[in-house]
2 protein chains.
Amino acid sequence: VGKLAIIGLGLIGGSMGLAIKRAEPVNTEVTGYDRDFEVAERALKFGAVQKLARSAEEAVSDAAMVIVATPILNIRRVFETIAPHLRQGTVVTDTASTKGEVLRWARALLPENVHFIGGHPMAGKEKSGPEAAEESLFDGRPYVIVPNPYAAPGAVNAVIGLAQAVGGKPQFMDADEHDAYAAAISHVPLVTSLALFSLARQSTAWPELAAMSGPGFKDLTRLASGEPEMSHDIFMTNKDNVVHWLDRYVAELQRLSQLIQDGDPETLYRQLAETQMERDIFITSPPERKEHGDDTETPGAIDSFMTMLGGALWTNRAKEITDSLEEQRLQREREARMRRRPED
Amino acid sequence: VGKLAIIGLGLIGGSMGLAIKRAEPVNTEVTGYDRDFEVAERALKFGAVQKLARSAEEAVSDAAMVIVATPILNIRRVFETIAPHLRQGTVVTDTASTKGEVLRWARALLPENVHFIGGHPMAGKEKSGPEAAEESLFDGRPYVIVPNPYAAPGAVNAVIGLAQAVGGKPQFMDADEHDAYAAAISHVPLVTSLALFSLARQSTAWPELAAMSGPGFKDLTRLASGEPEMSHDIFMTNKDNVVHWLDRYVAELQRLSQLIQDGDPETLYRQLAETQMERDIFITSPPERKEHGDDTETPGAIDSFMTMLGGALWTNRAKEITDSLEEQRLQREREARMRRRPED
């Protein structure tokens with residue numbers, strides 16, 4: 001029996017457990033650990049894991065794969081704790097929203113005979129805890145994979161397989177690239193949402209503003225209801241990128257403000273019409289990422305994941321989730337990505 | 001037969017027509033006009049109006065009530081056009097998203113023997129045109145009513161009745177107050193949404209950013225898909241308030257950016273936790289507007305609206321939509337509101 005360990009059993013860890021269970025891996029046992037014992041017990045009750053460990057050390061001992069799904073700033077301590085207890089060849093991955101610090105901690109703290117491959121399943125919701133976990137949370141969502149340049153192909157393949165088995169769409173990038181992009185598309189939007197809510201909430205006219213508010217204000221401030229610990233850890237581990245993109249965002253706001261003040265109706269109208277058109281294109285036919293690789297055939301990634309775990313071939317359910325063509329495309333994409341450097 | 005005219009048969013004008021039809025006013029004929037004849041024909045086909053007029057003049061002649069639902073900057077010309085053709089005592093209202101300019105135009109251009117009461121049903125969606133119109137668009141949404149201080153109570157009551165008949169919740173304020181509040185809760189959010197989309201779209205990494213984007217980015221940029229003419233007219237007629245609140249928004253962003261840069265984790269965490277709590281309170285139990293009036297009983301407003309139109313009592317369907325207690329509360333609210341001055 002292969003052993004998979006999940007450390008941290010909140011929304012993401014719990015959903016990983018449920019999504020792995022849905023993929024029906026054979027001969028695999030999923031063991032969980034959470035520093036909060038009540039959270040761990042609820043995760044067990046909801047079926048996210050099959051067994052609970054009494055410590056992170058116990059959870060990872062003899063595990064073929066370890067998924068660290070704790071708050072970002074706790075990952076460092078988890079690495080320190082589990083490092084002496086990992087068996088040779090174990091694949092360690094994480095689910096954190098920022099990747100630079102996590103990869104640095106992995107390099108500094110994990111033994112050289114285990115394989116660390118960073119991961120970021122780009123999914124979430126405002127609710128937290130194992131109660132909020134869903135087996136379909138990652139379905140169709142990007143799952144960013146950040147391998148070290150010297151990562152063993154088999155280990156990378158296992159994490160690709162994990163990403164696909166839980167329903168995600170693997171995307172490859174390096175840590176700097178990930179953190180810059182995530183700042184622009186996810187962390188700065190979080191700040192804009194927080195600021196928009198605070199602005200209205202701090203006004204003496206708040207009762208009037210609240211009474212007049214509609215779906216627009218609710219949607220735009222939704223992210224302000226996110227878990228404070230998660231937002232905090234994101235900002236603390238991606239400070240420079242967030243500040244950089246926030247400056248650019250402020251410059252863009254000031255450009256629009258100037259357009260409004262200048263009162264040249266035609267320029268303003270043209271700008272608004274162009275943005276509307278581009279937004280509509282984004283929704284109806286989003287741009288393709290440009291990279292293309294070669295045609296080399298590679299073994300199926302879910303296969304690698306399942307084989308590594310249980311020593312058995314993949315199950316029918318896992319087969320349904322993807323197909324080998326998709327895997328080949330992703331493998332090519334990964335190889336092409338590894339040859340590139342981040343830009344912007 | 002009483003005649004109601006709707007000038008401008010797009011999303012809002014069309015939805016007003018459908019919502020009025022749903023209220024089943026008796027002995028009432030709804031006539032529509034749109035400068036775009038194809039739009040007018042589609043509105044007729046979808047049942048938003050019973051008849052089409054060949055001109056705005058023809059539409060308003062002998063009308064007991066006129067609803068102007070054109071883009072904001074066109075309202076001025078509509079007033080000029082219809083002014084000589086309005087019969088004495090006609091109630092004229094509008095649906096524009098800003099109220100200061102509209103009330104100034106009404107005072108300057110409409111004859112003194114008609115009653116102008118400004119209106120702003122706070123509802124909308126990204127799609128436009130009569131195809132997108134819905135009879136339930138205003139259900140449960142705030143419907144801001146902006147009477148002149150010297151407005152005849154009967155005329156105000158008729159517009160309250162209209163607001164309730166189409167499913168809205170009447171709220172009273174003066175034009176300055178409305179435009180300041182709308183800038184904070186609606187027009188600045190629109191700018192933040194436009195800027196967030198442009199920022200990502202203009203980046204050379206756009207294909208990567210788009211591929212990584214999730215529901216958060218989609219929700220936060222939704223307003224960027226709004227009709228450019230509407231956004232344009234809002235900004236042009238509410239410039240000072242929008243610029244004022246945008247400056248405050250930028251200051252709030254810079255405050256958060258500083259918190260992130262300073263790296264005092266505790267202050268940042270406390271701020272995030274506080275915002276989350278306040279946002280959750282806003283969603284689960286939004287604040288009440290503070291004003292209270294006296295207990296004076298007033299005649300039912302839908303009654304006024306229906307009586308003015310068809311000379312008949314309201315129908316069963318209209319009775320379902322509201323009840324007299326609600327009307328009394330709203331009347332009191334209006335009276336209290338008229339005694340206050342705008343703040344913030």
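The contact surface is shared: 100% of the contact residues of chain A recur in chain B. This is a predicted model. The predictor gives the complex an ipTM of 0.84 and a pTM of 0.85.

**How the two chains are related**

- Two copies of a chain are related by a rotation about an axis and a shift along it.

- Chain B has an open sheet of eight strands, with mixed pairing.
- The strand order is E3-E2-E1-E4-E5-E6-E7-E8.
- Strand E3 (51-52) and strand E8 (169-172) of chain B stand at the edges. Each has a single partner strand, so one side of each is left without a neighbour in the sheet.
- Strands E1 (residues 2-7) and E4 (residues 65-68) of chain B run parallel and are joined by four bridges.
- Within this pair, Ile6(B) stands opposite Ile67(B).
- Helix H4 (residues 72-82) of chain B packs on the sheet. Helix H4 touches E1, E4, strand E5 (91-94) and strand E6 (115-121) of chain B. Its direction makes about 155° with that of E4(B).
- Helix H5 (residues 100-109) of chain B lies across E5, E6 and strand E7 (142-147) of chain B. Helix H5 runs at about 165° to E6(B).

**Strand E1 of chain A**

- Is strand E1 of chain A enclosed or left open? Six of its six residues (residues 2-7) are buried, so E1 is largely enclosed by the rest of the structure.
- Gly2(A), Leu4(A) and Ile6(A) point one way from E1(A). Lys3(A), Ala5(A) and Ile7(A) point the other way.
- Strands of a sheet pair through backbone hydrogen bonds, either parallel or antiparallel.
- E1(A) runs parallel to strand E2 (residues 28-33) of chain A, and six bridges join them.
- Ala5(A) has Thr31(A) in E2(A) as its bridge partner.
- Between E1(A) and E2(A) the chain passes through helix H1 (residues 11-22) of chain A. This β-α-β crossover is right-handed.
- E1(A) is also joined to strand E4 (residues 65-68) of chain A, by four bridges, and these two run parallel.
- In that pair, Leu4(A) stands opposite Met65(A).

**Helix H10 of chain A**

- Eight of the ten residues of helix H10 (residues 228-237) of chain A are buried, so H10 is largely enclosed by the rest of the structure.
- The buried residues include Pro228(A), Ser231(A), His232(A) and Phe235(A).
- Which helices do the buried residues of H10(A) pack against? In chain A they are helix H4 (72-82), helix H5 (100-109), helix H7 (175-202) and helix H11 (239-262). In chain B they are helix H11 (239-262) and helix H12 (265-284).

**Confidence in chain A**

- Chain A averages a pLDDT of 88, and 85% of the residues score at least 70.
- Over residues 291-299 of chain A, pLDDT stays under 50. The model has 16 contacts beyond four places in sequence for these residues.
- Residues 311-325 of chain A also have a pLDDT below 50. Beyond near neighbours in sequence, this stretch has 30 contacts in the model.
- Where pLDDT is low, the predicted coordinates should not be read in detail.

Key. Residues numbered from 1 in each chain as written. Chains lettered and ligands numbered in written order. Predicted model: local features only at pLDDT ≥ 70, side-chain atom pairs only at ≥ 80, totals over all residues. Heavy atoms only, no water. Contact = heavy atoms within 4.5 Å. Pairing = 2+ DSSP bridges. Axes fitted to C-alpha atoms, helices over the stretch in contact; angles between N-to-C directions. Buried < 20%, exposed > 50% of the residue type's maximum accessible area, 1.4 Å probe, protein only. Right-handed = clockwise from strand over helix to strand, strands pointing away. pLDDT = per-residue confidence, 0-100.
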